Amino acid sequence: MPKAVSSPNIALIKYWGNRNDAFRLPAADSLSMVLDMPTVEATVEGADVFSVRSYDADGKEKPQNEESVARLRHHYDLSKEYLRGIGRGKSLPKEVALTILSAIPPAIGIASSAAVFSCLGEAYAALVEGKPLSREEVSILSRLGSGSAGRNSYGGFVALTNHGDGIASAYGEQVADESHWPLHDIIIVPSMKEKKVGSTEGHAGAATSPLFAERVRAIPKRMRECISALRTRDFEKLQIVSEEDALDMHRVMESQSPPLQYLSDETHRILKAIEELRTSEKLNVFYTMDAGPTVHLICTEDSVKTVADFAEAQKNCIVFKTKTGKSSRLVENEI
Ligand code: DP6
């Protein structure tokens with residue numbers, strides 16, 4: 001019974017919009033840092049009927065809505081389709097029973113879907129008999145459930161890159177491993193309310209923004225800058241390109257139809273305060289936000305204490321202290 005573990009990642013160059021929604025093939029490349037926590041654990045067992053049981057960090061069972069079960073089920077179907085296509089689908093069970101344990105509050109701008117689907121990609125790969133799948137193939141399995149999950153198949157800093165056409169034409173590539181640059185991500189969650197429009201629906205509307213085409217054109221240069229900043233550990237360069245890209249993605253979201261306003265007044269208040277603190281204390285810190293009001297403060301070892309104190313001082317917010325982490329991985333494979 002394969003059991004896998006994974007955690008979220010935080011994008012520095014964001015994925016927003018698909019060239020193919022059904023296969024979650026992104027319109028442009030993206031790049032993220034894998035985090036060390038909060039973790040998700042998934043166990044997969046062959047079954048006659050597809051089923052899902054999901055638990056929170058305290059072991060309390062979480063009721064599953066129809067939509068999320070349908071998404072998980074569809075992911076298994078797509079995984080089978082992909083594996084058959086590469087001649088590795090033979091040993092797969094007709095259906096699976098999933099047990100998912102997640103310490104991540106859902107839908108608040110911490111990539112819970114990336115952690116869940118990368119866990120499942122890992123576990124489905126373990127169901128395949130014979131030669132183990134490559135990391136690239138595991139990344140494709142993960143991406144078929146959630147685009148950003150394709151960036152969890154390696155540790156550290158991972159790009160999701162496009163290569164031609166077809167179901168397998170986007171996968172993760174490691175830029176640097178987790179020991180290369182131990183950066184921290186201090187996450188400030190101002191609201192635990194679940195967002196109204198999830199990323200899947202959001203991606204589908206991205207191309208309606210008048211700013212989308214320009215964003216897609218700008219990304220290759222940003223990717224090069226981001227990769228070079230990471231390789232040379234140039235924090236200022238990383239800060240400039242990451243903040244530029246995050247704000248650009250939110251401008252696309254806010255100008256697409258229907259418009260998506262993920263950032264709240266509280267987000268903007270936190271951004272202003274961190275910019276002031278960064279200048280006054282000469283901190284190595286920058287901000288980035290995904291599809292929610294949550295603020296991710298990426299910082300270096302020498303700035304993390306001040307940044308964490310700042311985060312803890314924010315009223316009515318929940319704080320997660322995370323750092324560069326490992327890839328999704330198998331923790332058990334007992335049959
Ligand atoms: C804003 O991977 O969550 O976090 O494939 O629909 O699950 P789905 O989308 P998802 O999109 C991530 C969007 C983002 C930016 C990013 O992580 O790159």
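This is a predicted model: local features need pLDDT of at least 70, side-chain atom pairs count only at pLDDT 80 or more; totals for chains, interfaces and linings use all residues.
**Ligand site**

The shell around the ligand holds 17 residues, of which Arg71, Ser146, Gly147, Ser148 and Thr200 come nearest. By class, the shell divides into five nonpolar, seven polar and five charged residues. Helix 4 (residues 199-205) makes the greatest contribution to this shell, with three residues.

| Residue | Protein atom | Distance to a ligand oxygen atom |
|---|---|---|
| Arg24 | polar side-chain atom | 2.9 Å |
| Gly147 | backbone N or O atom | 2.6 Å |
| Ser148 | polar side-chain atom | 2.6 Å |

On its own, the ligand has 450 Å² of accessible area, and the protein covers 96% of that area.

**Open sheet and its helices**

Four strands form an open sheet in the order 13-14-12-15, with antiparallel pairing. Strand 13 (285-288) and strand 15 (318-323) are the edge strands; each has a single partner strand, so one side of each lacks a neighbour in the sheet. From one strand to the next, the twist averages 20°.

Strand 13 runs antiparallel to strand 14 (residues 295-299), and four bridges join the two. Across this pair, Thr288 stands opposite His296 of strand 14.

Two helices lie across strands of the sheet. Helix 7 (residues 265-281) lies across strand 12 (184-189), strand 13 and strand 14, and runs at about 165° to strand 13. Helix 8 (residues 304-312) lies across strand 12, strand 13, strand 14 and strand 15, and its direction is at about 10° to strand 12.

How values were computed:
Residues are numbered from 1 along each chain as its sequence is written. Side-chain values use heavy atoms; hydrogens and water are left out. A residue is near a molecule or strand if one of its heavy atoms lies within 4 Å of it. A polar contact is a pair of N or O atoms within 3.5 Å; within protein, one must be able to donate a hydrogen and the other to accept it, and residues adjacent in sequence count only if both atoms are side-chain atoms. Accessible areas come from the Shrake-Rupley method with a 1.4 Å probe; for residues, only the protein chains shown count as cover. Ala, Val, Leu, Ile, Met, Phe, Trp, Tyr, Cys and Pro count as nonpolar, Asp, Glu, Lys and Arg as charged, and the others, Gly among them, as polar. Two strands pair if DSSP finds at least two bridges between them. Axes are lines fitted to C-alpha atoms, for helices over the stretch in contact, and angles run from 0 to 180 degrees between N-to-C directions. Contact means heavy atoms within 4.5 Å.
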